[in-house]
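Subject: Structure for your review

Dear colleague,

Please find below the structure that I am handing over to you. My findings follow it, grouped by topic.

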Amino acid sequence: MTLFESVFAGNDAVYGLTEGAINQAIEKYGADKAVSFPDTAYSLPCYYAVTGTKVGTLAELKDALAVVKTLMTREKRTNDVFMSGVATALCAEFIEVLKYIDGAVPYEAPCYGHLADAVIRELGVPLVTGDIPGVAVILGKAPSAQEAADLVKSYQSQGILITLVGDIIDQLEEVGYKTGANVRVIPLGKDVTAVIHVVSVALRAALIFGNVKPGDAATLMDYTMKRVPAFVNAFAPLNDVIVACGAGAIALGFPVITNQEDVARVPKSLICQKDISKWNATSLEARDIKIKITNIDIPVAFASAFEGEIIRRKDMQVEFDGSRVDCAELVHTCDASEVEDHKITVVGPEVDDMELGSKNSIAYVVKVAGKNMQPDFEPVIERKFHNYINCIEGVYHTGQRDMQRIRISKDAFAAGFKIKHIGEVLYTQVKNEFDAVVDKCEVIIYTDPAECTRIRHEVAIPIFEKRDDRLNTLTDESVDVYYSCILCQAFSPSHVCVVTPERLGLCGAVSWLDAKATNELDPNGPCQVITKERPIDENLGSYEDVDEAVKKLSQGALEHVTLYSIMQDPMTSCGCFECICGIEPFSNGVVIANREYAGMTPLGMTFSEMASMTGGGVQTPGFMGHGKHFISSKKFMKAEGGIERIVWMPKELKEFVAERLNKTANELYGIENFTDMIGDETIATDPETLVGFLTEKGHPALALDPMM
Ligand code: SF4
Ligand code: NI
Ligand code: NI
């Protein structure tokens with residue numbers, strides 16, 4: 001069979017199945033029955049992205065199938081093959097959505113099936129920063145379970161996100177391989193149609209981050225080809241259905257690598273590689289993915305894929321807990337003569353000397369020296385420790401400063417992991433990432449309890465306090481320049497963040513100090529200096545300098561951006577905002593939802609739905625993405641009256657920001673315990689109940705002018 005015949009036959013087969021399944025469902029439930037995937041604002045995301053039409057019922061699904069049929073032309077041109085591939089993918093989506101009728105939960109662990117919008121937003125930042133350098137879609141059954149595990153491990157240790165479809169899922173279970181979104185190995189489902197759930201991620205990424213208009217299929221495919229670094233690994237034997245799905249992948253720009261020998265080859269797109277141990281290299285080359293190599297001399301793996309790994313009490317060898325005993329982590333700028341490069345010292349017992357399951361003290365001081373080093377960079381480097389230590393396989397880290405908590409697993413211990421290896425990791429990563437400012441680096445790790453107490457109370461805490469004082473005096477008025485950040489342009493080509501001391505980047509990860517450090521580390525990098533010499537309106541936070549910068553950095557897509565208004569020329573959002581706020585007309589206020597919150601808001605929208613109102617680097621007055629810490633800023637919506645507009649937040653977020661927000665409210669308006677006046681999901685999820693609550697509490701927003 002030629003490639004044409006295979007694809008057409010596979011497409012026809014899937015189409016037939018889909019038609020049958022839809023008719024059967026209509027017979028069973030009636031044509032008006034609602035169909036949808038859970039936790040998405042994009043209906044059937046693939047069909048919506050390709051056609052611009054949202055499907056809501058079985059009758060509409062049937063109409064959609066007729067549209068799919070028009071893609072299934074049977075000329076023998078490349079385009080017919082591609083479009084039949086796309087048609088096959090859309091059919092797969094229809095088959096999958098039928099599994100979710102009536103709120104059914106068709107997938108059980110370890111399989112995920114459909115992935116929520118929230119997952120895509122979470123993947124945004126690491127995809128942008130290259131922390132996730134690629135997305136592998138592995139399909140079928142490997143010749144042996146060991147080969148399956150080896151292949152997955154090879155990608156995992158490069159930080160690549162892996163999705164699995166078919167028998168490989170059982171093969172990994174068989175050898176006890178740990179899977180899950182937290183370690184970036186996501187089993188989708190065992191039927192081949194489950195592959196649509198990763199396509200759905202790629203296409204929603206285009207809508208969310210790329211501002212691609214639903215229905216603009218050409219731009220959509222251009223986006224996935226250029227910006228979604230995915231590829232397919234398909235084990236022999238391939239049947240026509242898999243080949244047809246493969247044609248769909250290729251249409252999106254994702255090369256397919258297989259060990260099937262008699263398959264028609266398409267240069268750079270359909271590649272036969274019989275040796276599975278070479279698939280990793282072949283795939284990366286075909287998709288042009290470059291991996292940053294970090295060679296660290298430790299007995300376990302080190303990769304960003306292990307960042308989300310959790311170590312349970314029963315799997316843990318020892319733990320360190322800053323909330324119970326004295327701990328600290330600290331970067332300390334020293335004179336070059338005081339630092340011996342790559343010296344790592346452990347003062348106190350090693351892991352071998354600690355009791356199994358015991359709670360211990362730990363304090364590490366990373367001494368750095370360099371001509372361009374500034375004490376302002378210390379917290380920037382220190383904040384990366386969490387990420388560095390977490391990337392160690394079998395080691396878990398949370399918290400910061402003197403409240404960190406570390407667990408070392410029994411497996412890591414058995415592999416020979418020692419305290420000194422934490423030093424090795426800190427040394428290597430600091431030198432790698434901060435080479436522009438750090439010339440010499442030395443690490444001292446204290447595990448001796450008395451020494452930890454001394455370091456914590458006499459060295460670290462005084463330094464933290466001094467830093468906090470400095471941070472508190474940093475205001476937008478007190479600095480001479482702001483910074484741009486365009487890191488997210490890899491995904492949202494016209495998005496620009498303007499980062500100021502009182503307004504951090506919307507991802508929550510880039511403060512003004514971070515941006516400043518990034519700029520000095522890499523002067524041609526993502527963060528550029530923006531002067532603020534020509535103010536237009538101080539209340540709105542508009543400047544000629546800022547306008548010029550965003551115009552240039554957005555390649556002309558943006559003309560004006562204000563720093564302090566949500567209504568007039570608000571800052572754009574890429575997609576990776578921690579929170580989103582939107583105006584609530586009945587109370588003259590705004591509602592804020594954080595990404596973790598899955599429930600309903602008084603706007604009648606979930607976080608996902610609010611988020612779909614903005615993003616993609618466009619300005620949408622009335623909705624704005626922002627970081628959590630911005631909520632307690634004196635500059636939050638300053639032009640519209642500031643934080644007294646906040647009428648509702650999820651309880652968890654409210655508790656997270658309470659201390660700082662209450663302080664700001666007190667300073668600005670003399671209100672005590674402002675958060676008590678703000679609604680949450682336990683009080684109201686509809687505007688009427690909310691306004692009732694606000695009236696009872698005398699919330700100041702009710703007396704303000706309407707925003708629209
Ligand atoms: Fe992206 Fe803005 Fe965060 Fe930079 S500051 S990484 S552009 S969200
Ligand atoms: Ni103490
Ligand atoms: Ni972003």
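A charge is taken to sit over a ring if NZ of Lys or CZ of Arg is within 6 Å of the ring centre and within 35 degrees of the ring normal. Please bear in mind throughout that this is a predicted model.

Charges over rings

In the case of K54, the charged end sits over the ring of Y48, at 5.1 Å from the centre of that ring. A further case involves K628, whose charged end lies over the ring of F656, with 5.2 Å to the ring centre.

Aromatic pairs

A search of the whole structure returned 14 aromatic pairs. For F385 and Y388, the ring centres are 6.5 Å apart and the planes meet at 40°, so this pair is classed as tilted. Both residues belong to helix α13 (residues 385–390), and because they are three residues apart there, about one helical turn separates them. F385 has a relative accessible area of 0% and is therefore buried. Y388 also counts as buried, because its relative accessibility is 0%. Elsewhere, F37, Y100 and Y107 are linked by ring pairs into a cluster.

The nickel site

Which residues coordinate the nickel ion (ligand 2)? The ion is coordinated by D326, through OD, and by H457, through NE2, at 2.3 to 2.5 Å. These two residues come from distant parts of the chain, 131 residues apart: D326 is in the loop between β7 (316–321) and β8 (328–333), while H457 is in helix α16 (residues 449–473).

Are these residues buried or partly exposed? D326 has 15% relative accessibility and so counts as buried, since the cut-off for that class is under 20%. H457, at 42% relative accessibility, counts as partly exposed.

Domains and annotation

The chain is divided into domain 1 (3–103), domain 2 (117–287), domain 3 (309–453), domain 4 (474–559) and domain 5 (573–708). Taken over C-alpha atoms, the centres of domain 1 and domain 5 are separated by 39 Å.

According to UniProt, in an unreviewed entry, residues 20–101 carry the annotation "domain: Carbon monoxide dehydrogenase subunit alpha ,N-terminal".

Yours sincerely

Note on methods: Residues are numbered from 1 along each chain as its sequence is written. Chains are lettered from A and ligands numbered from 1 in the order in which they are written. This is a predicted model: local features need pLDDT of at least 70, side-chain atom pairs count only at pLDDT 80 or more; totals for chains, interfaces and linings use all residues. Side-chain values use heavy atoms; hydrogens and water are left out. Donors are N, O and S atoms within 2.8 Å of the metal (3.2 Å for Na, K and Ca); water is not among the atoms, so sites may look incomplete. Helices (H or I, at least four residues) and strands (E, at least two) are DSSP runs, numbered from the N terminus. Buried means under 20% relative accessible area, exposed over 50%, partly exposed in between (1.4 Å probe, protein chains only). Domain bounds come from an automatic or database domain assignment. Rings of Phe, Tyr and Trp (its six-membered ring) pair if their centres lie within 6.5 Å; planes under 30 degrees apart count as stacked, over 60 as edge-to-face and the rest as tilted. UniProt positions are given in the numbering used here, feature names are shortened, and annotations may be inferred rather than shown by experiment.
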